[in-house]
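Look at the sequence and the model together, and keep both in view while reading. The paragraphs below go through charged pairs, a helix and a surface patch.

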Amino acid sequence: KSKVVPIAQLLSELTRPKKLDWTICEGVVVITTPKGKAEFDRGTVGGPKEDELKKDATLWDRLSKKVQLDSRSDLADAVAKLVSEGGVKIQTDRLGRRLDQKVRLKIGSQSLLAHLRLLCRTFTLAFELKGGEILLKPR
């Protein structure tokens with residue numbers, strides 16, 4: 001027999017055994033460890049696996065840097081803030097009009113990679129590495 005359960009109760013029951021925390025940010029569920037590292041930071045949501053990213057030590061250091069994102073305009077502004085905060089080049093040539101999509105994100109101190117993956121998940125994007133730079137593209 002199926003049972004209707006509030007989302008907060010379901011998330012709490014799912015994350016409690018692994019001692020994880022969760023929050024909902026602009027309609028996206030973000031699951032974090034008690035230390036604040038986002039669980040999707042280790043996954044493959046919208047981009048390469050960590051092993052591939054770690055091959056470029058300089059880029060990995062920048063992607064691991066803790067940054068905060070507070071954007072209330074458009075996707076182009078959110079990406080520009082990530083570039084200025086994280087010091088990594090992000091190409092957005094292939095996004096076209098998607099850059100005009102409105103963004104209302106306020107995310108605490110997470111790695112630049114976690115922010116990037118959250119943007120990819122929220123806006124159905126992907127990213128790849130191209131010559132030490134990040135190329136954002138439609139998924």
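What follows takes these topics one after another.

This is a predicted model, in which local features need pLDDT of at least 70 and side-chain atom pairs count only at pLDDT 80 or more, while totals for chains, interfaces and linings use all residues. Residues are numbered from 1 along each chain as its sequence is written, and side-chain values use heavy atoms, with hydrogens and water left out.

Begin with the charged side chains. How many salt bridges does a search of the whole structure find? The search finds 3. A salt bridge here is a side-chain nitrogen of Lys or Arg within 4 Å of a carboxyl oxygen of Asp or Glu.

One of them joins Lys81 to Asp77, with 3.5 Å between the closest N and O atoms. Both residues belong to helix α4, residues 75-86, and they are 4 residues apart, about one turn of the helix. Helices are DSSP runs (H or I, at least four residues), numbered from the N terminus. Is the pair buried or exposed? For this, buried means under 20% relative accessible area, exposed means over 50%, and partly exposed is in between (1.4 Å probe, protein chains only). Lys81 has a relative accessible area of 30%, so this residue is partly exposed. Asp77 is at 25% and therefore also counts as partly exposed.

Glu128 takes part in a network of salt bridges with Lys130 and Lys137. The N-to-O distance is 3.9 Å between Lys130 and Glu128, and 2.5 Å between the closest N and O atoms of Lys137 and Glu128. Glu128 is partly exposed at 22% relative accessibility. Lys130 is partly exposed at 44%, and Lys137 is partly exposed at 21%.

Now turn to helix α5, residues 112-122, which is mostly covered: 9 of its 11 residues are buried. Among the buried residues are Leu112, Leu113, Ala114 and Leu116, and also His115, Arg117 and Cys120. Just after α5, Thr124 has a positive phi of about 50 degrees.

The last stop is on the surface. Ile7, Leu10 and Leu14 make up a nonpolar patch there, with about 290 Å² of accessible area together. Accessible areas come from the Shrake-Rupley method with a 1.4 Å probe, and for residues only the protein chains shown count as cover. Patches consist of residues with over 30% relative accessible area and no salt bridge; like charges are joined within 9 Å, and nonpolar side chains (Val, Leu, Ile, Met, Phe, Trp, Tyr) within 5 Å. Leu14 lies in helix α1, residues 7-15. Its relative accessible area is 57%, so Leu14 is exposed.

Technical notes. Helix = DSSP H or I, 4+ residues; strand = E, 2+ residues; numbered from the N terminus.
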